[in-house]
Amino acid sequence: MSDLFTAESIISLLTLTFLEIVLGIDNIIFISIAANKLAQQDQAKARNIGLILAMAFRLILLLGISFVISLSKPFTHVDAGWFKAAFTGQSLILFAGGLFLLYKATSEIHHKLEGGDHEQEGGSTKGKTSVSSVVTQIAITNIVFSIDSILTAIGLTQNVAIMMIAVVLSILIMMFFAGPVGKFVNEHPTIQMLGLAFLIMIGFMLVAEGAHLSEVVIFNQEVGTVPKGYLYFAIAFSLLVEFLNIRLRKKQTPIQLRGYEEQAHRDGMI
């Protein structure tokens, strides 16, 4: 227990907590968009349940670190000449999770643009979705993000107690900010669309990373991976531009159209 209060342990704890929050941003985006389909009084409940599930998944995985590490080892090899791969449990989970995010984000964009049977009076889908269905969707994505998060933690420190404390602290911080983030997303439709676009990027990244971890080779070409730093920079830059656009729209004076009679008098037609 005394090892937790050394300078090295405190630095590791702070660093890991920060990384857990950064890695949890995409999770918060998905949770906010999924909860937005619920009635207003149920959104906070769904967000909290989703984040508590995320914390539970991470803690359970930490207690079974040997199982998590085994997921990164190949369990089968495929060699079809033009296609080679060494599949691991981690790569298959990331690949399936990426496909799920691609499907979910694309379908949500389609529903928002096309509407149709999915929309109620006033163009809203709120109230049609049950809390249980939203929580189920959140739980599926939590499994994917939790494994990625824990493998990152294992690479940073071998102290399980530090990992568990960092997970709890990061989830508590995210629970505190999830409400304001969800409210902001609800009030700005362009942010919702931007968030869905982020999920498509993240889904593509997970598919590419899953293929990379499986050492997939197609026609003698290895599948690379997308550096997460580039992804987070693109997300941060896009959000900055959108925030500037929001402020600009608030400051702009609405254009007043002149009446046709006034214009006719000015032109000497009347």
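Visitor: Is Q90 buried or exposed in this predicted model?
Guide: Start with the cut-off: buried means under 20% relative accessible area. Q90 has 8% relative accessibility, so Q90 counts as buried. Its place is in helix 5.

Visitor: Which residues does Q90 touch, not counting residues up to four places away in sequence?
Guide: L71, S72, I147, L151 and L213.

Visitor: What about K104, buried or exposed?
Guide: Apply the cut-off again. K104 has a relative accessible area of 13%, so K104 is buried. K104 is also found in helix 5. Leaving out residues up to four places away in sequence, K104 touches F30, K37 and Q137.

Visitor: How should I read side-chain directions along a helix?
Guide: Use the helical repeat. An α-helix has 3.6 residues a turn, so residues three or four places apart point the same way. Then check burial along the whole element.

Visitor: Which residues of helix 2 are buried?
Guide: D26, N27, I28, I29, F30, I31, S32, I33, A34 and A35.

Visitor: How many residues of strand 1 are buried?
Guide: Zero of its six residues, so strand 1 lies largely in the open.

Visitor: And in a strand, where do side chains go?
Guide: In a regular strand the side chains alternate between the two faces of the sheet. Next, look at the strand order. Here an open sheet of four strands runs 1-2-3-4, with antiparallel pairing. Strand 1 (74–79) and strand 4 (221–222) stand at the edges with a single partner strand each, so one side of each has no neighbour in the sheet.

Visitor: How many bridges join strand 1 and strand 2?
Guide: Five, in the antiparallel sense; strand 2 covers residues 83–88. P74 stands opposite T88. V78 has A85 as its bridge partner.

Visitor: Which residues have the most contacts inside the largest nonpolar core?
Guide: F30, L101, I171, L199, I202 and L206; the core has 51 residues. Helix 6 (residues 131–156) gives the most to this core, with nine residues. Take I202 as a case. Beyond its neighbours within four places in sequence, I202 is in contact with D26, L101, F145 and L231.

Visitor: Where does UniProt place the feature "transmembrane region"?
Guide: The unreviewed entry lists residues 12–36, 48–69, 81–103, 134–154, 160–179, 191–210 and 230–248. Compare such a record with the model's geometry. Residues 48–69 are 95% helix and 0% strand, with end C-alpha atoms 29 Å apart. Residues 191–210 are 100% helix and 0% strand, with end C-alpha atoms 28 Å apart.

Visitor: Where does pLDDT stay under 50?
Guide: Over residues 116–125. The model has 12 contacts for that stretch beyond four places in sequence. For the protein chain, the mean pLDDT is 76. Of its residues, 83% reach 70 or more.

Definitions and conventions: Residues numbered from 1 in each chain as written. Predicted model: local features only at pLDDT ≥ 70, side-chain atom pairs only at ≥ 80, totals over all residues. Heavy atoms only, no water. Buried < 20%, exposed > 50% of the residue type's maximum accessible area, 1.4 Å probe, protein only. Helix = DSSP H or I, 4+ residues; strand = E, 2+ residues; numbered from the N terminus. Pairing = 2+ DSSP bridges. UniProt positions renumbered as here; feature names shortened; annotations may be inferred. Core = buried A, V, L, I, M, F, W, Y, C linked by side-chain atoms within 4.5 Å. Contact = heavy atoms within 4.5 Å. pLDDT = per-residue confidence, 0-100.
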